[in-house]
Amino acid sequence: MTSIAQETAPLTRRKRRWEGLPYWLILPTVAYLGVFFVWPMIQGFGLALQDETGAWSFTAFRTMVDDAAFGEAMSFTFLLILVVVPIQFVLALGMALLLNARLRGGGLFLYIFLLPLAISDLAAGIAWSAIFTERGYLNTILGGVGVLEQPFIFLDPTSKTQLVIAVAAAEIWRSTTFMMVILFAGLQAIPKDYTEAAEVFGAGFFQRVRHVIFPMLKPSIQVALLLRLIFAFEVFAVVIALTGSGATVLAAEAYKWQATNENEHVAAAYSMVILGLSLAAAAVILVALRTPRERRLR
Amino acid sequence: MALPRIRVGRVFAYVAALAVAAFILAPIYLITISAFSSFDAVYEYPKNLVPTDASMESMNIFLESDGVTDSLLRSAYVAAITIVLCLALGTPAGYALARFTFRGGNPFQLALVSTRAFPLIIIAIPLAVTYLRVGIDDTVIGVALAHVAFTLPLTVLVTASVFAGISYELEEAAMTLGCNRLSAFRKIALPLALPGVAASAIFVFVTSWNEVFAAALLTLRERTLPAQMLAALDTSPLPYRLAGGFFLLAPALVVIFFIRKYLLTTWGRVAR
């Protein structure tokens, strides 16, 4: 009797001692993110809504909007997103389906398809500028096969359309993999039975994608589009590397105001615009792709 | 009737996969041959698509330029500090999320996921202001601290997913055999989690190595490689840019090889 009591007493005491453990384990992360994430963000709001004297005002926002570059940055960022995201969504879905098709040499395809995930937008911009520049590889190839008589100026600073296309090519090349990873994970969670059943009943490939895979993949599609759109508003170095000063985007203006003009208030105002647009885009995706309760599978 | 149609689909799949692979590999191939070519070859037109005379001329121009080797070293330091801090802070939190159900656990996890909705640009600008005041502007440690802020949430989520994949019963068994909680973690859970944790460290490395916006804002002379490249874009000669671009891109080839499996399992799941 006594021996049992002696054994159980320390056990309960020990259990109580461990109850605080998870909090101690997450404390460093919570503290760090509080200091280096949450606090700077609050400061960012403050910076954007204050003028140089520290008084609350919309001066920074007014300076930002009155600057001619604001409209340019806004329109270029939006144009880029409109061109890039739909194309890369289709491409990412296609790549995920290809990886899911268990092709021979799938391991090698997997490695190659994943490569852009670890490539920065600066490196992508530099690589694609070697392709698009007047004495670059694209002109070499087009000239070689006889399509072009003489080099074409792809990166023409006076043509916004051409600049958008060039940056879009680099962005599609670099950031499609990111969507593919999320979509592929979603694809793998779909039980094989469903597609096989559809196949038995005579559904072709596109019917299977449309009626089986698409509805079941919807949560993953939502996340992939959501995160990709959020990151798309941050597009930065690839634009500078490819267009020089020919085009500008919101993040590049934020950088310019902070680093060159040394006005952190206007820079912060730009970052607030980027945040606002990201959250608005996220809301649009969540609403547009929501699944009505009665049609939910789980 | 059905059989040939499947074959056609199969052939189409291979053609499509090869086309995508070619699209991805082409720019990597082109910047590689440009980086390892002579000065004349970089400027010649039409270009040589197949290198006949590989040369270290461009590469040497880049590596011997002012500040390049320093910036390479700095990038490595920043990445190393970021990895150490991220794992030291994040692994315990990941373990807590995987092993305990505690009040506040779910909101904590949700908060980590939602940090991704906030562009790093928003925190980079106020950090630059604070760093000036505190006196860690233009330092390697300052850039690393910012990089930890961007990479810590994902590190916690990924390590949580790694630990969740290791059966807790193994640790319990060790504890019945005389281990305490800490030694059970050290001897059982940690070794089993090591490959996954290493993969997440590699991912932190590549994120830090690639990050350009904050690095460029927070430094002036103590530039990391991407910050150095960004600053030199419109002033440097073409061979310099191409060789530098290759240095930025090269780690991807190695990194993806080591973490490709984890990217699809762990990351894909975490992202949802």
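In chain B, 14 residues of domain 1 are in contact with twelve residues of domain 2 (contact: C-beta atoms, placed from the backbone, within 7 Å). The model is predicted: local features need pLDDT of at least 70, side-chain atom pairs count only at pLDDT 80 or more, and totals for chains, interfaces and linings use all residues. Residues are numbered from 1 along each chain as its sequence is written, while chains are lettered from A and ligands numbered from 1 in the order in which they are written.

Domain 1 of chain B spans 1-65 and domain 2 spans 67-271; these bounds come from an automatic or database domain assignment. The centres of the two domains, taken over C-alpha atoms, are separated by 30 Å. On the side of domain 1 that touches domain 2, helices H1 (2-35), H2 (39-43) and H3 (57-64) of chain B each supply at least two residues. Helices are DSSP runs of H or I with at least four residues, strands are runs of E with at least two, and both are numbered from the N terminus. This side of domain 1 holds ten nonpolar, four polar and no charged residues. Ala, Val, Leu, Ile, Met, Phe, Trp, Tyr, Cys and Pro count as nonpolar; Asp, Glu, Lys and Arg count as charged; the others, Gly among them, count as polar.

The contact between the chains takes 77 residues from chain B and 78 residues from chain A. Helix H12 (residues 238-271) of chain B gives the most to the chain B side, with 18 residues. That side divides into 62 nonpolar, eight polar and seven charged residues. Ala250(B) is found in helix H12 of chain B. Ala250(B) counts as partly exposed because it has 17 C-beta neighbours inside 10 Å. Ala250(B) and Met175(B) lie 75 residues apart in sequence and 45 Å apart in space, C-alpha to C-alpha.

Chain A has 13 helices and zero strands. Of its 298 residues, 43% are buried. Its C-alpha atoms fill a box of roughly 100 × 70 × 40 Å along the principal axes. Among contacts in chain A with a separation of 6 or more, 70% join residues 24 or more positions apart.

Within chain A, Ala69(A), Phe70(A), Ala73(A), Met74(A) and Thr77(A) in H4(A) meet Leu250(A), Ala252(A) and Glu253(A) in H12(A). The residues of this contact divide into six nonpolar, one polar and one charged.

Technical notes: Contact = placed C-beta atoms within 7 Å. Buried ≥ 20, exposed ≤ 12 C-beta atoms within 10 Å, placed from the backbone.
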